[in-house]
Amino acid sequence: MTLLGTGLAVGSVYATIAATRAQRGASKSDALSGKLLGASWVSAFAALFLAITGLAYTLDMPDLQSMLWPTGSGLVVGLIYLGEGAVRRNLLHYGLGTWLALISTAALFLGTPGLFWVLAIAGGGAYAVASVLEPRRLTARAKHAQS
């Protein structure tokens, strides 16, 4: 849980920095889209908190949270990437979002500790691949914009 919280905090900081950079010189419409996308993270994780806490409380299964937080977080992140990729026609984010949403929820079938291995290897691996492909995507986009 500590690693998850640390990862979410670090990811949030980097996402905020990236969003701020991306909005420089953006049109009002694009800036608004960026702000709404940023706010969707807060809304989504607030809803996830309520869902997980409510389920654990109602079912009187506090240990359920150790399974639902990592997988639920992967689902939420995946769905936000999926939506962002669709709206911005960013195939890399769309694909990453699809992958994260699917593997995060499929990992629930493995229970603990198996789900952690799936999230670490398949989820972390997807981020590693995306980090290699992102500069290529940006270069191709820049070349397309020049032509």
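Is Y14 buried or exposed? Y14 is exposed, with a relative accessible area of 58%, where exposed denotes over 50%, buried under 20% and partly exposed the range in between (1.4 Å probe, protein chains only).

This is a predicted model, in which local features need pLDDT of at least 70 and side-chain atom pairs count only at pLDDT 80 or more, while totals for chains, interfaces and linings use all residues. Residues are numbered from 1 along each chain as its sequence is written, and side-chain values use heavy atoms, with hydrogens and water left out.

**Figure 1. Overall fold of the protein chain.** The protein chain contains five helices and zero strands, in the order α-α-α-α-α along the sequence. Helices (H or I, at least four residues) and strands (E, at least two) are DSSP runs numbered from the N terminus. Taken along the principal axes, the C-alpha atoms fill a box of roughly 60 × 30 × 25 Å. Of the 147 residues, 24% are buried. Among contacts with a separation of 6 or more, 58% join residues 24 or more positions apart; a contact means heavy atoms within 4.5 Å.

**Figure 2. Nonpolar surface patch including Y14.** Y14 lies in helix 1 (residues 2-23). Together, V10, V13, Y14 and I17 make a nonpolar surface patch of about 390 Å². Such patches comprise residues with over 30% relative accessible area and no salt bridge, with nonpolar side chains (Val, Leu, Ile, Met, Phe, Trp, Tyr) joined within 5 Å and like charges within 9 Å. Accessible areas come from the Shrake-Rupley method with a 1.4 Å probe; for residues, only the protein chains shown count as cover.

**Figure 3. The largest nonpolar core.** This core has 15 residues, of which L48 and L96 touch the most other members. Helix 2 (28-58), helix 3, helix 4 (91-106) and helix 5 (114-146) each supply at least two residues of the core, and helix 3 gives the most, with seven. A nonpolar core is a set of buried Ala, Val, Leu, Ile, Met, Phe, Trp, Tyr and Cys residues joined through side-chain atoms within 4.5 Å. Neighbours within four places in sequence aside, L96 contacts Y81, A126, Y127 and A130.

Figure 4. L68 belongs to helix 3 and is buried, at 16% relative accessible area. Not counting residues up to four places away in sequence, L68 touches I52, L55, S73 and L108. L68 and I52 are 16 residues apart along the chain, with their C-alpha atoms separated by 6.6 Å.

**Figure 5. Salt bridge between R88 and E84.** A search of the whole structure finds one salt bridge, defined as a side-chain nitrogen of Lys or Arg within 4 Å of a carboxyl oxygen of Asp or Glu. R88 pairs with E84, the closest N and O atoms being 3.6 Å apart. E84 is buried, with a relative accessible area of 10%, whereas R88 is partly exposed at 42%.

Figure 6. Most residues other than glycine have a negative phi, and most peptide bonds are trans. D60, in the loop between helix 2 and helix 3, has a positive phi of about 55° although it is not a glycine, and is exposed at 66% relative accessibility. R89, in the loop between helix 3 and helix 4, likewise has a positive phi of about 55° and is exposed at 70%. The peptide bond from T112 to P113 is cis, with omega near 5°; P113 is located in the loop between helix 4 and helix 5.
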